[in-house]
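Opening the notebook on a new model today.

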Amino acid sequence: MHRVRRWVVRHSRLFEMIYRRFEPVLVKLAPVWRRLGHERVEAPVRRVEQAAKGALFDCQMCGQCILSATGMSCPMNCPKTLRNGPCGGVRADGHCEVKPEMVCVWVDAWEGSRQMKQGDLIHAVQLPVDHRLTGSSSWLRVARQLDDTSSSTANRETTR
């Protein structure tokens, strides 16, 4: 798993481009998700998301994915689950202080972000993990949020 995760980080620009094409599809499907009911589609979408992201990113399904801001390196793979950068214990060779055999996820995140078009997102401060969302689909959450944003923008424009 670790080897695949590191390969993805080295090809983070490709995965950024794939996601940029995938995200609008999720948003276009938002009316379908709404009609079927988010609670009803959560389980099957979560299983697909977990299989895909688990295989590629060793995703921990925190429900608040920030891969696009961390060079395609999941910060939840950090033994300390740090979401805003490395701890003070990164070894001189870039390995983790807790798991010395593992490269620090933030070393990978930095390297991956340097290849990405929106690599500066790594500087954005991330909110703490809301553990109530653990195990839920971040894809559905993103689709719902972006759909709500576009709907409210359309509603504001029609009421002007």
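**Ground rules and fold.** I take helices (H or I, at least four residues) and strands (E, at least two) as DSSP runs, numbered from the N terminus. With that, I get six helices and zero strands in the protein chain. Read from the N terminus on, the elements go α-α-α-α-α-α. This is a predicted model, so I ask for pLDDT of at least 70 for local features and 80 or more for side-chain atom pairs, while totals for chains, interfaces and linings use all residues. Residue numbers start from 1 along each chain as its sequence is written, and side-chain values use heavy atoms, with hydrogens and water left out.

I checked the extent next: the C-alpha trace spans about 60 × 35 × 25 Å along its principal axes. For burial I use relative accessible area: buried is under 20%, exposed is over 50%, and partly exposed is in between (1.4 Å probe, protein chains only). On that scale 41% of the 160 residues of the protein chain count as buried.

One residue I looked up here was Val45, which sits in helix 4. Is Val45 buried or exposed? Val45 is buried, at a relative accessible area of 13%.

**Empty space.** Rolling a probe the size of a water molecule over the atoms shows where empty space is left. My search runs on a 1 Å grid over the protein atoms alone: a cavity is a set of points where a 1.4 Å probe fits but cannot get out, a pocket is an open set with protein on both sides within 12 Å along at least five of seven lines, and lining residues have an atom within 4 Å of a point. Grid points are joined across faces, edges and corners, and a volume is the space filled by probe spheres set on the points.

The largest pocket comes out at about 690 Å³. I count 26 residues in its lining, and Tyr19, Cys65, Ile66, Ser68 and Val142 lie nearest the centre. Helix 2 (12-28), helix 4 (38-57) and helix 6 (138-158) are the elements that each give two or more residues to this lining. Which of the elements gives the most to the lining? Helix 2 does, with six residues. For classes, I count Ala, Val, Leu, Ile, Met, Phe, Trp, Tyr, Cys and Pro as nonpolar, Asp, Glu, Lys and Arg as charged, and the others, Gly among them, as polar. The pocket lining then has 15 nonpolar, six polar and five charged residues.

The largest cavity has a volume of about 110 Å³. It is lined by 18 residues, with Lys53, Cys59, Cys62, Cys65 and Cys74 closest to its centre. Helix 4 supplies the largest share of that lining, three residues. By class the lining divides into 10 nonpolar, five polar and three charged.

The second largest cavity holds about 90 Å³. Its lining has 14 residues, and those nearest the centre are Cys78, Pro79, Cys87, Cys96 and Cys104. I note 12 nonpolar, no polar and two charged residues in this lining.

**Charge pairs.** I call it a salt bridge when a side-chain nitrogen of Lys or Arg is within 4 Å of a carboxyl oxygen of Asp or Glu. The whole structure gives me nine salt bridges.

Asp58 pairs with Arg5, the closest N and O atoms being 2.8 Å apart. Asp58 is in the loop between helix 4 and helix 5 (105-115) and Arg5 is in helix 1 (residues 2-10), so the pair ties together parts 53 residues apart in sequence. Both Asp58 and Arg5 are buried.

Glu97 and Lys80 meet at 2.4 Å, N to O. Glu97 is partly exposed at 35%, and Lys80 is partly exposed at 36%.

I also logged Arg114 with Asp120, at 3.8 Å, N to O. Arg114 counts as partly exposed at 41% relative accessibility, whereas Asp120 is exposed at 56%.
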